[in-house]
Amino acid sequence: MSETEEKLVGIVLVSHSAAVAESVAALARALAGGGTTAPVAPAGGTVDGGFGTSSELVSAAAAAVDRGAGVAVLMDLGSAVLTVKALLAEGDELPENTRLVDAPFVEGAVAAVVTASTGADLAAVEAAAMEAYSYRKQ
Amino acid sequence: MLDAEFFRRWMTAAAASVDREAERLTALDSPIGDADHGSNMQRGFRAVTAVLEKEAPDTPGAILQLAGRQLISTVGGASGPLYGTLLRRTGKALGDAAEVTEEQLTEALRAGVDAVMALGGAAPGDKTMVDALVPAVDALGTSFRAASAAADEGAVATTPLQARKGRASYLGERSIGHQDPGATSSALLIAALVEASDE
């Protein structure tokens, strides 16, 4: 692993659906283009493959993308949001410097991965993802 | 005084009650939710009783914190982090005392319910578990029975409300006329306090 890669912010994508989380991760990686891509891990559905949220999958995904530069967690809705918040409130189940990023799931994920891949810090990744809310389609 | 055994009995009674009522909880969750509340709660509380047997924590605070942690990791729906936070925060507030008074439990549960409201952003009247838990904590100073009755009443009173939180809120006015499944399971949790006590 190169020195630059080690400094990249990790991105976790939490969805009620494993397929959604994996697809959005693939889309964001693809749109981040060539070169070094920030580590991205999907955490979709429950451990037994159903729809829902698994705190174990979220914790594992966060640990997998943690390079020491912080982890940005984006999620879809409902139990995904509540689970991440509950994990953050406890303080010992996610890597240090893990942040819930309040952003639209798909657009925010793309913005976060593109920005993180440039070597930007966690605050800049969060700001880029949140800015996706202001992108109007009409 | 309430010792670790009391809290163990509380969790066991809650698990048994959720087992008995799982079908009803899922039925309530069908018209306004995604029809998984009973099975989610059942999976969560079965895991709670299993982990309590295995790890055998010996203080009230440790029992509730372990139970809460287990709910967060096993339920799979929004009730996992919500009930998990309720029990963990209540457990944390109880500290590491070997026995606690009913007043201490009341105050700790109040802290737990506050944490649930902060996590989910729900207030009384939003047609959520808060509608059973807040009146229950308010009545807990009288007796466990009074708290249980207040929780039941609060759960029933969610029927005419329009949901303002959670998936049911997407239904708007169509959420009116259904008793909230989360308030109903909250009432079961409070009723289990009566079973656990000698009243």
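Which hand does the crossing of α2(B) and α3(B) have? The views below of this predicted model take us there.

**View 1. Getting oriented in the predicted model.** Residues are counted from 1 along each chain as its sequence is written, and chains are lettered from A in the order in which they are written. Because this is a predicted model, local features need pLDDT of at least 70 and side-chain atom pairs count only at pLDDT 80 or more, while totals for chains, interfaces and linings use all residues. Chain B has a mean pLDDT (the predictor's confidence in each residue, from 0 to 100) of 95, and 99% of its residues reach 70 or more. The model's scores are ipTM 0.85 and pTM 0.91.

**View 2. Helices α2(B) and α3(B) cross.** Here α2 (residues 37-55) of chain B packs against α3(B) at about 135°, with the axes 9 Å apart. Helices are DSSP runs of H or I with at least four residues, numbered from the N terminus. Axes are lines fitted to C-alpha atoms over the stretch in contact, and angles run from 0 to 180 degrees between N-to-C directions. And the opening question: the crossing is right-handed (the near helix is turned clockwise from the far one by less than a right angle).

**View 3. Where chain B meets chain A.** In this view, 14 residues of chain B are in contact with 14 residues of chain A; contact asks for C-beta atoms, placed from the backbone, within 7 Å. On chain B, α3 (60-74), α4 (79-94) and α5 (102-120) each supply at least two residues of that side. Helix α4(B) gives the most, with five residues.

How values were computed:
Two residues are in contact if their C-beta atoms, placed from the backbone, lie within 7 Å.
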